[in-house]
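Hi everyone, thanks for coming. Have a look at the protein on the screen, and then I'll talk you through it.

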Amino acid sequence: MEKVKVVILNLNRQEIAIENQEKSLIYHFGLAGQDWMQACGQKGRCTTCAFEVLEGREFLSEESEAERKFHDNGRLPVSRRLACQTRTSGNIVIRVPDDVKLPHLTYTEL
């Protein structure tokens, strides 16, 4: 059986293996040694860990209460999810939005 993975398109198409589908994406980014913006300690209280979903939205966990709140008040566009709140059961392709890019990383064109 093929492993589930996340492809981060604008980080040179980096692939992150999803070993435990019950854990958040940001958990797996950390396991892989991939720096990812986060300000609230993975509590769903901010939107700094946001990512844009390009493919595989159907494999993502249901939106959390925090994500719905941020969508409703306009702080999180509907095309984005929070890495600290989201899990995946299938392959997805994402990108890091410009407003949450880390200054020490080199991002690539899509």
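Before I go on, a bit of housekeeping. What you see is a predicted model, where local features need pLDDT of at least 70 and side-chain atom pairs count only at pLDDT 80 or more, while totals for chains, interfaces and linings use all residues. Residues are numbered from 1 along each chain as its sequence is written, and side-chain values use heavy atoms, with hydrogens and water left out.

Okay, the overall picture. The protein chain has five strands and two helices, and along the sequence they come in the order β-β-α-β-α-β-β. The radius of gyration is 13 Å, close to the 13 Å that the globule rule gives for 110 residues, so the chain is as compact as a globular protein of that length. That radius is taken over C-alpha atoms, and the rule is 2.2 Å times the number of residues to the power 0.38. As for the elements, helices (H or I, at least four residues) and strands (E, at least two) are DSSP runs, numbered from the N terminus.

How much of the chain is tucked away? Buried residues make up 46% of the 110 residues. Now take contacts, meaning heavy atoms within 4.5 Å. Of those with a separation of 6 or more, 64% are between residues 24 or more positions apart.

Next up, salt bridges. We count one when a side-chain nitrogen of Lys or Arg is within 4 Å of a carboxyl oxygen of Asp or Glu. By this rule there are eight salt bridges.

Keep your eye on glutamate 52. Its side chain meets that of arginine 80 in a salt bridge, at 3.7 Å from N to O. Arginine 80 lies in strand β4 (residues 80-82) and glutamate 52 in strand β3 (residues 50-55), so this pair ties together parts that are 28 residues apart in sequence. Arginine 80 counts as buried, at 13% relative accessibility, and glutamate 52 counts as buried too, at 17%.

Glutamate 52 also forms a salt bridge with arginine 95, where the closest N and O atoms are 3.3 Å apart. This pair links distant parts of the chain, 43 residues apart, with arginine 95 sitting in strand β5 (residues 92-95). Arginine 95 is buried as well.

Lysine 101 counts as partly exposed, at 26% relative accessibility. And here's how it joins up: salt bridges that share partners connect Glu52, Arg80, Arg95, Asp98, Asp99 and Lys101 into one network.

Last stop, two loop residues. Which loop holds glutamine 34? Glutamine 34 is in the loop between α1 (25-31) and β3, and it is buried, with a relative accessible area of 11%. Leaving out residues up to four places away in sequence, glutamine 34 touches several others, including Ile8, Phe29 and Leu105.

Serine 61 sits in the loop between β3 and α2 (65-72). At 13% relative accessibility, serine 61 counts as buried. Setting aside neighbours within four places in sequence, serine 61 is in contact with Arg81, Gln85, Thr86 and Arg87.

Terms used. Buried < 20%, exposed > 50% of the residue type's maximum accessible area, 1.4 Å probe, protein only.
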